[in-house]
Structures are given as structure tokens and as C-alpha cells.
Amino acid sequence: KGKGSTATMLASLMKAAGKRVGLYTSPHLLSFTERIAIDGEPVTNDILLDCAEELSSVMENRTEDDFPGGESPTYFELLTMLGFLCFRKAGCSDAVIEVGLGGRLDSTNVVMPIACIITPIELEHTELLGDSIPKIAYEKAGIIKPGVPVFTSATRPDALDVFRKRALECGSPLMILDEVATLHDCLISPEGSVATVHWKEGSTRTLFDHPLRLHSPMIGHVQARNAATVAIVAKALGYDEESIDRGIGSARLRARFEIIPGNPVIILDGAHTEDSVRACSDDFKFLFPGAGILLFGCAKGKPARPMARVLRSVFSEVFITKPGTFKESDTVEIEEAFVAEGFSVKRIDNTEDALEAALSHASAERLPLLVTGSFYLCAAVAGRLSR
């Protein structure tokens, strides 16, 4: 995973190099304008409204029959088009586009890019993308275009096999992070992540002739890998090391192990799969070696029991709630999963009430509160804290 973090780092370094950069990502935290960023800031109302009117005029009086397949555009398809219109209106010279779901059939895949990046994958959205890593990798590999260089930080051999095959078919150069680099002295702190990237013999020697020390304000061992991937992509595209250093060093993205100081300390992390929750738990354990309180909510169909099993190695108390109102959630099923893993559970379906109870308990116990399981839950909490 790490699509949003990688895209944000890349856009930041392009801005540091003097480009006017559009960045399209999802999901958003507090406002959907976060999905359409110009030079690191959400799109302004004047640009947004002009482009929304242009899009609306095109859509006016059209029916399903006017579109291929007899289906009206989806919300995400319209938002993607709106993003492209905003980038044009704002005079962006370059854009970084994060794929939504999958890749091959995603609405963002209409672009002809100068580079493709594929981050690690796992079993997610299996009802749409397939029930195995190779099937999901096939969908992700759909963004690979003829002759366009491909970079990946993926690690699963069965996924890499798919990427190699697709890149070969397309005549696209493929660079795999772990085949060209190793990370050393990786350290995380409340201020961010640092690591030294050493380059193996081979193609990266033409890009870097010395180790690269990377600093990111985003916290997590996975962020060090994201930064290393971005550095390779940027150098291959001709960006200098000063832009790489400044860009990665200033890139921030909310709800990715975001620490909010106070009593209690609150950590927002949108992890919602077994692997991402494991990474979150490992980082929490490193930075907060004592106990902690957990506020958890996830959408229906997410792997609650496996996530609970991972989290049990760090936490014993959990408040279960709904991840806001946007996504359907079965809190009874989630409660059963956490009880089965040995947690002390308090279920409060109302998200705001659950947050207040979790905050009060964590404050009284003087323990940090981790909010995870869903970006939508993190968004609900961030919205409450900003009021």
C-alpha cells in the first residue's frame, strides 16, 4: 500500500524543483477538495467552481444512453475529470495521479504517464479485484503502458512475477526497490522517519554513486521505503538530489500514523488491512512501549478478526464504534472478533460518543489513544478535534 504517501512525496519534490504540480489522491479526510491539490494545497474555490460549472454543462441533459455501456459516470469518475480540469485551469505543468481501486479499469488509467509506480499489494477489495495476489497484481499491472518505465516497492514474489510479465509484454523498463537498494539505520520518532539507502550493483549505479540519507516528517518504517522508491523515480526522471531531499523532507499526509499531542496523545492511522495494521502496531510499540488504548472501527467486509489478532500483541482495551456514517459497518461482528482475541471491549455505536469515552478513559489512565481501522473513522475523529 502507501499509494497516497508515495504520491504526496513525489508531488512535493516536483514542487521543490520548481514545477507547478497537481496531485490527485483519495480518500480525503475533512474536505473532498483535499483530493485535488495544487502545489500542495487543496484546490481553491474559484478554480473548483469554474471547473465544476464546465463539467456540469457537459453533463446537463445527458442520460445513461449517452455514455459507453449505457451507464452514467460514477462519483469517482466525475471527480477524476474534475481534478484534471482543475489542473488545466491552474496551469499545472505536471501531475501525480493516485489510482483509486485496482488500476486496469480505474478511471485514472486514461492518462499516458511518464512513469508508473506500483506500491505493495495485499488481499483487499477481493470482490472486485480477485481473490488471489496474482489476480490483484494483474489489475494493478493494468497501469503499465508501452515503453513507460515502471517502479515498484512491492515484495510478494507472486505479484512481482505478474509485474515482470506485463512489463516485458509492454517493453517497459522495470525497477524493483529491493533488487536495487537496501535500507539501513532506519529510525522513527515523533518527528518522522530517517533511513540511509545503499544502492546495489546495477542500474541504480547510473543514478546514484553514493548512499542517500532520507528524512521524512511522515512516521513509519514503511515511509522510509516509500521515500526510497520516490527518490529512485525522481532521479530516473532527472530531478536533482537537493529537490529530492527538500521535497521528501516537507511532504506530509494526515492520518498516516499522525501524532496529535495532548492529554491524551492521539494517533490517527487509516490502516484497514491486516498488513497495514501490523505496520501501524509495530510503529506504535516502538514509539509507545507501554500500554495504550484503542479506538477501532472498520467498514463491513474488512478483516476484523485478523486485524484484532495483530492488535492484541499491543493492546488489551478497545472501544468499538462505527467509522462515521459514510460506510456500512457491523459493530456487533467487530465486537465478537475482538472478544474472541481476548480484548476488554466497550462497544459504542455512535462515533462521537465513542470518541469522548475513549478520550476520557485514555486521559484518566495517562495512556496514548490509537484510532485506526478506517480512514473514515480517522476523518470523523479529526473533524471532532478541529471543532
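**Reading sheets and helix packing**

Tutor: Strand β2 (residues 36-38) pairs with β3 in the antiparallel sense, over two bridges. This is a predicted model, where local features need pLDDT of at least 70, side-chain atom pairs count only at pLDDT 80 or more, and totals for chains, interfaces and linings use all residues. Residues are numbered from 1 along each chain as its sequence is written, and side-chain values use heavy atoms, leaving out hydrogens and water.

Student: What does it mean for strands to pair?
Tutor: Strands of a sheet pair through backbone hydrogen bonds, either parallel or antiparallel. Here two strands count as paired if DSSP finds at least two bridges between them. Strands (E, at least two residues) and helices (H or I, at least four) are DSSP runs, numbered from the N terminus. In our example, Ile38 has Glu41 in β3 as its bridge partner.

Student: In what order do the strands of the four-stranded open sheet lie?
Tutor: The order is β3-β2-β1-β4, and the pairing is mixed. At the edges are β3 (41-42) and β4 (94-97), each pairing on one side only.

Student: Which strands does helix α3 lie across?
Tutor: Helix α3 (residues 75-89) lies across β1, β2 and β4, at about 10 degrees to β2. Angles run from 0 to 180 degrees between N-to-C directions, and axes are lines fitted to C-alpha atoms, for helices over the stretch in contact. Contact means heavy atoms within 4.5 Å. Helix α1 (residues 3-16) lies across β1 (21-24) and β4, running at about 170 degrees to β1.

Student: How is the open sheet of three strands paired?
Tutor: Its pairing is parallel, in the order β5-β6-β7. β5 (116-118) and β7 (174-176) are the edges, each with a single partner strand, so one side of each lacks a neighbour in the sheet. Strand β6 (residues 150-152) joins β7 over three bridges, and Phe151 stands opposite Met175 in β7. Helix α6 (residues 157-170) lies across β5, β6 and β7, at about 160 degrees to β7.

Student: How do I describe two packed helices?
Tutor: Two packed helices are described by the angle between their axes and the distance between the axes. Helix α10 (residues 274-287) and helix α11 (residues 304-311) pack at about 20 degrees, with axes 9 Å apart. They are therefore roughly parallel to each other (angles under 35 degrees count as roughly parallel, over 145 as roughly antiparallel, 65 to 115 as roughly perpendicular and the rest as oblique).

Student: Which residues of α10 and α11 meet?
Tutor: Glu274, Val277, Arg278 and Ser281 in α10 meet Pro306, Met307, Val310 and Leu311 in α11.
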